[in-house]
Amino acid sequence: MFAAYAARIDPDRPLDGLELGERPAPGKRAGWSTVTVRAASLNHHDLWSLRGVGLSQDRLPMILGCDAAGVDEDGNEVVLHSVIGQSGHGVGPKEPRSILTERYQGTFAEQVSVPTWNVLPKPAGLSFEEAACLPTAWLTAYRMLFTNAGVRPGDSVLVQGAGGGVATASIVLGKAAGLRVFATSRDETRRKRAVELGALEAYEPGARLPQRVDAVIETVGAATWSHSVKSLRPGGTLVISGATSGDRPSHAELTRIFFLELKVVGSTMGTRDELEDLLAFCATTGVRPVIDEVLPLDRAREGFQRLADGEQFGKIVLRPTE
């Protein structure tokens with residue numbers, strides 16, 4: 001079957017390790033289901049995999065891709081939860097948690113195999129392309145907002161780095177849930193787009209907000225860390241799920257954190273139950289993922305390059321060549 005896969009690891013030139021070509025189709029395995037992929041979406045995780053983060057040389061070649069929607073062996077339209085392990089479903093109960101492509105072949109292919117427990121029904125109102133955007137970036141945003149930040153309708157939230165998958169999802173989900181959302185971006189066009197999607201205002205990074213917020217959604221890391229901490233009200237919560245600008249801020253703001261009793265919460269992906277809730281939330285509210293571009297799988301390199309250059313606003317989706 002045709003696939004996009006990591007053939008080599010290169011920390012400095014990750015796209016040099018990306019190959020497009022034929023790979024073996026998934027075999028039968030007890031407790032697992034094979035899904036015919038109709039759409040799969042790109043994440044920064046895929047770029048990090050090509051750099052060797054979470055993916056070791058001895059596991060190559062590895063088909064990339066965490067997210068997918070497609071059709072199972074019984075003809076059902078489904079969405080995949082891409083966190084494998086720690087459940088006892090389809091794997092040993094003591095197997096450590098991993099994300100697709102760290103231990104198991106991913107979704108940038110015509111077919112993918114996952115534990116049957118990881119297969120969820122796709123709501124009829126969501127297209128395959130829309131559903132394929134949800135299991136990583138949108139699930140991460142959902143967990144950050146509603147589980148780890150614990151915000152309620154009427155609360156205020158700052159979303160750093162509008163344009164990225166998690167940040168964009170946070171703006172849309174926050175607006176739909178009745179939050180007052182502020183956003184930042186270095187790019188004026190992205191700031192305007194953030195307001196169109198539901199942010200009350202969008203500012204340049206580091207700008208003073210009109211008020212201190214109840215929570216900050218942080219995926220940028222070092223470049224925005226100090227601003228994130230300073231933007232919180234006393235007792236507020238900073239939730240971090242990524243550090244695309246680096247993980248070593250020049251000012252940790254420790255004094256402010258303990259004096260104002262701020263909470264800093266790490267967040268990674270989300271549970272199967274949370275993905276089920278997110279799918280229901282989208283189905284009932286009409287919320288849909290923001291898609292930057294849809295490409296056939298044989299043009300996956302273009303999507304990877306666009307993601308690496310930071311040119312996208314929302315999700316880049318791949319469709320296997322038919």
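Across which strands does helix α5 lie, and at about what angle to β13 does the helix run?

## Model and conventions

This is a predicted model, in which local features need pLDDT of at least 70 and side-chain atom pairs count only at pLDDT 80 or more, while totals for chains, interfaces and linings use all residues. Residues are numbered from 1 along each chain as its sequence is written, and side-chain values use heavy atoms, with hydrogens and water left out.

## Sheet and covering helices

Helix α5 (residues 188–197) lies across β12 and β13 and runs at about 160 degrees to β13. Axes here are lines fitted to C-alpha atoms, for helices over the stretch in contact, and angles run from 0 to 180 degrees between N-to-C directions. Helices (H or I, at least four residues) and strands (E, at least two) are DSSP runs, numbered from the N terminus. Helix α4 (residues 165–176) lies across β11 (156–159), β12 and β14 (213–218), at about 160 degrees to β12.

The strands belong to an open sheet of 6 strands with parallel pairing, in the order β13-β12-β11-β14-β15-β16. Its edge strands, each pairing on one side only, are β13 and β16 (263–266). From one strand to the next, the twist averages 20 degrees. Two strands pair if DSSP finds at least two bridges between them; the parallel strands β12 and β13 are joined by 3 bridges. Ala183 has Ala202 in β13 as its bridge partner.

## Aromatic pairs

Rings of Phe, Tyr and Trp (its six-membered ring) pair if their centres lie within 6.5 Å; planes under 30 degrees apart count as stacked, over 60 as edge-to-face and the rest as tilted. The count by this rule is 6 aromatic pairs. Tyr142 and Phe146 are edge-to-face because their ring centres lie 5.0 Å apart with the planes at 70 degrees. The two residues are 4 residues apart in helix α3 (residues 134–148), and so are separated by about one helical turn. Tyr142 counts as buried at 12% relative accessibility, whereas Phe146 counts as partly exposed at 26%. Buried means under 20% relative accessible area, exposed over 50%, and partly exposed in between (1.4 Å probe, protein chains only).

Phe182 and Tyr203 form a tilted pair, 6.5 Å centre to centre with 35 degrees between the planes. Because Phe182 lies in strand β12 (residues 180–184) and Tyr203 in strand β13 (residues 201–203), this pair ties together parts that are 21 residues apart in sequence. Both Phe182 and Tyr203 are buried. Ring pairs also link Tyr142, Phe146 and Phe281 into a cluster.

## Nonpolar cores

A nonpolar core is a set of buried Ala, Val, Leu, Ile, Met, Phe, Trp, Tyr and Cys residues joined through side-chain atoms within 4.5 Å. The largest has 49 residues, and Leu134, Trp138, Val157, Ile171, Leu173 and Leu278 have the most contacts inside it. Helix α3 supplies the largest share of this core, 8 residues. A second, separate core of 38 residues includes Tyr5, Leu42, Phe108 and Ile316.

Contact means heavy atoms within 4.5 Å. Leaving aside neighbours within four places in sequence, Trp138 is in contact with residues including Ala169, Leu173, Leu278 and Pro289.

## A buried glutamate

Glu129 lies in helix α2 (residues 128–131) and, at 17% relative accessibility, counts as buried.
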